[in-house]
Amino acid sequence: MADKKTELSPELKARQKAGFIEEWRKEMRKAIPVKERMKMPRQKMPEREADERNKDFEEVNLGLKAKEAVIEAKRCLDCANPQCVAGCPVGIDIPTFIKLIEAGKFSESARKLKETNSLPSICGRVCPQETQCEEVCNLKKATGVPVAIGNLERFASDVERMEGDVFIPKIPPSTGHKVAILGAGPAGLTVAGELAKKGHQITVFEALHMAGGVLVYGIPEFRLPKKILDAEIDYLRKLGVEFRMNFVVGMTATLDDLKQEGYEAFFVGTGAGLPNFMRIPGENLIGIYSANEYLTRVNLMRAYDFPKYDTPVFPGHRVAVLGGGNVAMDSVRTAKRLGAELAAIVYRRSRVEMPARIEEVHHAEEEGIEFHFLTTPTRFIGDENHKVKAMECLRMELGEPDSSGRRRPVPIEGSEFIMEVDLVVVSIGNSPNPLIGQTTPELEIGKWGNVEVDWDTMATNMEGVYAGGDIVRGGATVILAMGDARVAAGEMHKYLNGSG
Amino acid sequence: MTKIIRRERLVPNIHLLEVEAPEMARRCKPGQFVMLMPDERGERIPLTIADWDAEKGTVSSVFMAVGTSTQKLALLKAGDELPVYAGPLGKPAEIEKFGTVLCAGGCYGIGAIYPIVRALKEAGNTVYTLIDVKANFLMYWEERLKRYSDEFFVSSRDSFFDCKEYIPNVLEKVLQKSKLDRVISIGCTYLMYTCSEATRPKGIKTIVSLNPVMVDGTGMCGACRCTIEGRTKFACVDGPDFDGHAVDWDELFYRRKSYFEDEIRSMCYWEKESLLKE
Ligand SMILES: Cc1cc2nc3c(=O)[nH]c(=O)nc-3n(C[C@H](O)[C@H](O)[C@H](O)COP(=O)(O)OP(=O)(O)OC[C@H]3O[C@@H](n4cnc5c(N)ncnc54)[C@H](O)[C@@H]3O)c2cc1C
Ligand SMILES: Cc1cc2nc3c(=O)[nH]c(=O)nc-3n(C[C@H](O)[C@H](O)[C@H](O)COP(=O)(O)OP(=O)(O)OC[C@H]3O[C@@H](n4cnc5c(N)ncnc54)[C@H](O)[C@@H]3O)c2cc1C
Ligand code: SF4
Ligand code: SF4
Ligand code: FES
């Protein structure tokens, strides 16, 4: 799927320039020479002991303390040409928010973040910073070790929240325009926040009973505590956003019905919620879950607290998680926490091709997760009660690179072996949710089931209907979803004003 | 939150649940279902829509109290609220003029099949309705079903009725006498299975409304996967209606039982924690 480069808007560039030449920034730059700054070591994110944390669902990372955050902020060179900003899909004014931390103005820093990123405490936790902003940080080029932008982002927004000092911007008088957001994932929430701040009347329609999309049903508490998400949703409510939960667009009402009810602009952010399976024999045996089912049971439905909560989940003593992405890491670490003796990743390529974030892989290793690389299951074997008891696997070797540039795994003939398992979590990706496409015949759908958009505006082929996030990209990331959402929100605002 | 308008015991263990859901009430079609959660700690469970009133803005289901969720529901009353009530979900039942159609229902399916009986009749079919009840006192909604049925049969093991047979035997007898163009069956898995087997020799198209374990009910998790003609389908979005002759029944029976031990634990815990404390 097409990808987008973040081009800094002239407006953003100008704003940055203005910030750069402010007196306090100049003085701060002068106070510590660049050489000194470059010598400071990157502050380590404090985390809980592996042996303690792999038994519960409390957060793994503890967050930087104020003192550490200020030191880390000092590492930032406050570059005249800050490359980091171009690496952030929502174009956060990174040097300014970091220098505010250096100056000890934490809440102000959080406000700076919120100018362009409505969910900073979430991005600070789950963004793949190492391949986004931190990848292109000038300090990385100079020393090999970038500024810990994500950790600082998390720090500033956590402080603001914990001090109960959350700033609610003044909302302009209502424009009277009604906007419908389909899906309360990060994409939908971002559009909601942006347009609410412009005075439009926003309703978010969400199929599940809690807002957040993957943030609430997929990503586990030990990486993203629910209370963080709750605070962000609460913030949106304070901006006047209305949430209609348990509302399945396409079923409870179609997009056309909503149009009739007076909604003028739409944002489709329904995500990539359709789980892919291996399509090999025995896959419907008991004890074989999609990652979506497994994580939904545990996170959204709180099966880890069964029977206090009514939804059960198989505990699993020997658990194999198929796949090598973030979703697989979350699943396997969840299995460990639910008491598995063996919790293993089974991945058909090798370590270097794994798409999961490095931090997650490290954490998983520390927690006692096993990795079986270059291995793929060929069939599942059940017991007399149709419950999975083993899987037959093949060993692979790496051949020529495929279209994704990664070396293609090729089976080694005759290398079959049996792995005993009593729980399998299939985590080989998700496809775009088909429901809106099926119930909105006019909407143009691409060959992967994705909603087709004009990448410059995120407009679909239907007038007034925009889309972004996983429904257009397939399974991507939170920050890319939010980047799409910001573009869409800008265009929707123009559209509403034009039609008003 | 969705407000309960009525929760009423129809017969022992079987209840009617009517809620206020005006948006949904305008869109319900026969054969669709809702996902609901009885309370904040509850499980998301599916119930077939048994009736609706677009003007009043209400939607009804008939449910059988079998485990924690349905027992919890059975204790709720008018004015109480459900934290989750979403729908209508699933593909609607196919309603056309087929000719002569037999609708076979049992337990909760007596209620669940009612909108189908009604719609088929309104579409100009000759409708036979066949209801299975273990005993006379378990019969409900007989009058409304009869209103839309050209013929009404009962299968039961109760001496109150002439017939002392299970539903497939009666179905076979009807088949011997009349030419059926289609059979539709809703109820417990065993009932749907036996009805499908009864019509298989004559190859009469038999539609069943499958009831695998569900979580989201919107196609997101795959908990509800069933094998139909060797291919995996998600019952919540590809169904719940499928051709009964193409279903892998064995798999469905096993999958439905997968949480048997947890269900017992859940019931015991809930009874101890809430029921006995009151
Ligand atoms: C387990 C897991 C871990 C991940 N870890 C990371 C990570 O560490 N870092 C990262 O950047 N990304 C991660 N991702 C990916 C990231 O979460 C997604 O890219 C992101 O959530 C996409 O956002 P979205 O708003 O497009 O869709 P989603 O988050 O999928 O939200 C879509 C929402 O729309 C709702 N919806 C769907 N259909 C309808 C309908 N018809 N009517 C109403 N509502 C509907 C859904 O219920 C859902 O709430 C992870 C994903 C998973 C599954
Ligand atoms: C599409 C569909 C329509 C249905 N319509 C009706 C109806 O109209 N009336 C009615 O009484 N029942 C209906 N059912 C069955 C109903 O959902 C289950 O009886 C109910 O979930 C039982 O929950 P419990 O906690 O009370 O019982 P439990 O003790 O948890 O389970 C009893 C049995 O119900 C099934 N079950 C358990 N949890 C679920 C779940 N989350 N989803 C589906 N099945 C589950 C299992 O097979 C289990 O063995 C329907 C099921 C489906 C899939
Ligand atoms: S939102 Fe993500 S990419 Fe942007 S600055 Fe924060 S961590 Fe970096
Ligand atoms: S590129 Fe790195 S050092 Fe330069 S401003 Fe951005 S974060 Fe600071
Ligand atoms: S219930 Fe989750 S996909 Fe059907």
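Which residues around ligand 1 come nearest? Of the 35 residues around this ligand, the nearest are Val126(A), Glu206(A), Arg223(A), Val249(A) and Asp470(A), where a residue counts as near if one of its heavy atoms lies within 4 Å. The model is predicted, with local features requiring pLDDT of at least 70 and side-chain atom pairs counting only at pLDDT 80 or more, whereas totals for chains, interfaces and linings use all residues. Residues are numbered from 1 along each chain as its sequence is written, chains are lettered from A and ligands numbered from 1 in the order in which they are written, and side-chain values use heavy atoms, with hydrogens and water left out.

- A nitrogen atom of ligand 1 lies 2.9 Å from a polar backbone atom of Val249(A), a polar contact being a pair of N or O atoms within 3.5 Å.
- Taken alone, ligand 1 exposes 1000 Å², and the protein buries 96% of that (accessible areas by the Shrake-Rupley method with a 1.4 Å probe).

- The shell has 20 nonpolar, 11 polar and 4 charged residues; Ala, Val, Leu, Ile, Met, Phe, Trp, Tyr, Cys and Pro count as nonpolar, Asp, Glu, Lys and Arg as charged, and the others, Gly among them, as polar.
- In chain A, α12 (186–197), α17 (326–337), α19 (435–439) and α21 (478–499) each supply at least two shell residues, helices being DSSP runs (H or I) of at least four residues, numbered from the N terminus.
- The helix that gives the most is α17(A), with 3 residues.
- Domain 2 (178–273 + 431–496) and domain 3 (277–428) of chain A each provide at least three residues of the shell, with domain bounds taken from an automatic or database assignment.

**Domains of chain B**

- Chain B is divided into domain 1 (2–89) and domain 2 (100–209), and their centres, taken over C-alpha atoms, are 24 Å apart.
- In chain B, 15 residues of domain 1 are in contact with 15 residues of domain 2, contact meaning heavy atoms within 4.5 Å.
- These two domains of chain B bury about 1200 Å² between them, 72% of it on carbon and sulfur atoms; buried area is the accessible area (1.4 Å probe) that two parts lose on being put together, summed over both.

**Interface of chains A and B**

- Between the chains, 43 residues of chain A are in contact with 44 residues of chain B.
- Chain A and chain B bury about 3700 Å² between them, of which carbon and sulfur atoms give 55%.
- Met251(A), Asn284(A) and Asp310(A) supply 19% of the area that chain A buries against chain B, more than any other three residues.

How values were computed:
A polar contact is a pair of N or O atoms within 3.5 Å; within protein, one must be able to donate a hydrogen and the other to accept it, and residues adjacent in sequence count only if both atoms are side-chain atoms.
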